[in-house]
Amino acid sequence: QTRPLLFAVHAVVTASDLEFDRKEVDFGHCSIHESVQTSVHLTNKSLLPQEFGFVGIPKYVDVQPNDGFGILLPMETVEIDIIFSAKKAKEYSFELTCKSGINRDFKLSCKAVGVHPPLELSHSLVQFGATAVNDKSTATLYVVNSHTSRNEFTHPVPRIGKGEIAPVGPTSFEFVYPEDSDITITPAVGTVLPGKSCLVQVCFRPSLYKQQIQEEAVHMLCRAEETRLLLQDKKEKEATNAKKAEMDAMVGLYFRENLNTFYFVTMCHLLHCLIFLLRSSSDSFAAAQASLIRSFKGSFKRYIIPCFVASGKSANRNDPGHLQYSPHNTLYLELHCPAVVPPLVVLSDHGRSTVNFKEVAAGQTVVKRVTVQNISHETLELGSTLLDPNGPFMLMNALRPLQPGATHTLLVSFSPAEDKKFYETLEIRTSNMTLCLNLSGIGIYPSVTCSAEGGIMDFGYVLANESSTSVFKLQNTSSIPVNYNLKQDSVSVKKHKDQQGLPSFLTPNKEPQSLVGTQNNSGLSVFCVSPLEGAINPGTSQDITVTFQPDHESLYYSDRLMVEIVNKEVAHVIQLKGSSRIHTMFVNGGDPLDVPIESLADLPAKEDPEGNELVELMKPVLLTLKAACSENTLTPAVRELQVGCIRSTQPLAKKAYNLNSLQQKGFNVDPGKGAVDPGQKKSITVTWVPPSGHDVSLQLILTQLQTFYFPHW
């Protein structure tokens, strides 16, 4: 007998669906030189694990992870990355098929627009090597314009999808990168002709941010201020050990118990310094920067720099913004920038790498010291670039290998020869970095003005064995101190050589080689100058005193004074002149009766006709008056004399003269007599009118011995 066996079957029926979080993916515009990535979420709606895989994927699409294959647990959601890379300019529309383990297909619609930009980059990814802080690394790439024809049947042409083909011609580009970044692109703007390329340099120069340096400067000031206050408290407690209880109340408790007051005092001092800290040229800023460099731990930065492209040539290289450009033609440059701590740092001048010589007079040399230290764990072989051999900067000592922790001092000199600004970079090179020392200085021609008018100082008449003093000023109108040196030809070692030529009265048409005239018989200088050398600060002046002290009578005392400044350059030449008499009264004018070079021998004296006494020879004055005759009319002849009285150290009264005896034979003297004050001169006009009936062919000579007398007033 057959008996049926009954079974109870229990089952849970579940769906086998795989579900995308969206039905369509739009990649937008995609350059043929780039890839576009988007993410979708795939969810397993089943209560059972399911295998899945993307099959039949186009060549221009990539699905990750695991190339689009995997297992989904019940109700699990996984993120799928779809990467689209356009191969040519056209409109793309395709479906991605995700097949489950039970052979079910799930479709995902995709679309995109392929873009062929008019320009292309030779490299779209630049990976810099490890670069030390304040050093730089440079990479080179090209912007290429390969669009030379619009024939789309022979080669791919630049266009957006199926849009209009880009015109053949000059095409401009512009790289836009963050202003506060460590990246510099040169040129950032340019134009490329068809079939040509443009060289572009990308420079990575890692540095510290200003805000970081200022924060470190504040921390350093805090630590210094705390140390200062603690030391001050300790010294005050030691000094007042005898009155410990009283001083604890006044000083010790103030700093040890009243912490709020302590920090208030500290912060007030720090806030007072913050304004100064904001200046990048301050010592605190430089010290904080050097401290951060030593403690730098390294960093890695990634930049994506857009390069905008527009057809046409930019009129302004620095402002191409007026050109019409499409954002779909944008190129992208990816940069990987690692930064490390430098193995070589500057110790001197708070770690500054700038050596500023400031203002230096042309011809002078200033030397500065720059100390560097090896802070790495390896020995550094140092080398340097060559400075301009014709320039003002020079490295004066050799470089040597540096052991870890060792230091080396560089001697750099600055010797300007021109009046201008100088700038040069000295690179100290190691195997893995370059330390740049920026050398700068300003050459200045020192400018000194002299108050001596016309370059002549005439002391006039001075009594023999007496002296006269005059002062002139040297004014420094430049911005640097100027050293001066005064030199006289009369005490020069070349004096004898300069006076070997013919005297000036024998060569009247030639300029005299020497301006040194009569000198004192005693051998002492007739012109005494003080001070002979010194320094004049900017904007100030120096009084120069010149004393004329003759020891015998002569009309031809003279000398030349030269003002030498930097590098023995003659800034001014001053002619010193003076005359000396043995009597207080003198007559100046008339025709020359002697030569301007004095004999070494004195004039002999003559005997008095009435006795045997020797009297001094009288010095005659010759006046030649020539009357002009025209159409039987005689024009009077006029000459001028000067009668003067020399100022003396002895008290003098007015001195009188009388020339009325010349009033004969047609001569007229105006005024015929008078008086002269000490230190003054008076002009006398001598006029001659030939007497009636005088023969114009004959010469009339009149000799008059005039004696000046000095009545008491």
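Strand 45 and strand 47 pair in the antiparallel sense, joined by four bridges; two strands count as paired if DSSP finds at least two bridges between them. Helices (H or I, at least four residues) and strands (E, at least two) are DSSP runs numbered from the N terminus. The model described here is predicted: local features need pLDDT of at least 70, side-chain atom pairs count only at pLDDT 80 or more, and totals for chains, interfaces and linings use all residues. Residues are numbered from 1 along each chain as its sequence is written, and side-chain values use heavy atoms, with hydrogens and water left out.

Strand 43 covers residues 637-645, and strand 47 covers residues 681-688.

| Strand pair | Bridges | Opposite residues |
|---|---|---|
| Strand 38 and strand 43 | five bridges | Val587 and Val643 |
| Strand 43 and strand 47 | eight bridges | Gln642 and Ser683 |
| Strand 45 and strand 47 | four bridges | Phe667 and Trp688 |

Strands of a sheet pair through backbone hydrogen bonds, either parallel or antiparallel.

**The protein as a whole**

The secondary structure comes to five helices and 47 strands. Of the 713 residues, 36% count as buried, where buried means under 20% relative accessible area, exposed over 50%, and partly exposed in between (1.4 Å probe, protein chains only). Among contacts (heavy atoms within 4.5 Å) with a separation of 6 or more, 70% are between residues 24 or more positions apart.

The predictor's confidence in each residue is given as pLDDT, from 0 to 100. Its mean over the protein is 81, and 80% of the residues reach 70 or more. Over residues 249-265 the pLDDT stays under 50, and the model has 19 contacts beyond four places in sequence for them. Residues 705-713 also have pLDDT below 50, with 16 contacts in the model beyond near neighbours in sequence.

**Selected residues**

His336 lies in strand 20 (residues 331-340). This histidine counts as buried because its relative accessibility is 17%. Its side chain makes polar contacts with the side chains of Gln127 (3.4 Å) and Glu334 (2.9 Å). A polar contact is a pair of N or O atoms within 3.5 Å; within protein, one must be able to donate a hydrogen and the other to accept it, and residues adjacent in sequence count only if both atoms are side-chain atoms. Not counting residues up to four places away in sequence, His336 touches Leu125, Val126, Gln127, Phe128, Phe300, Lys301 and Arg302.

Val189 is found in strand 17 (residues 189-192) and is buried, with a relative accessible area of 11%. Its C-alpha atom is separated by 9.5 Å from that of Phe308, 119 residues apart along the chain.

The whole structure contains zero disulfides, a disulfide being a pair of cysteine sulfur atoms within 2.5 Å. For Cys307, the nearest cysteine sulfur is that of Cys198, 9.9 Å away. Cys307 counts as buried at 0% relative accessibility, and Cys98 is buried at 0%.
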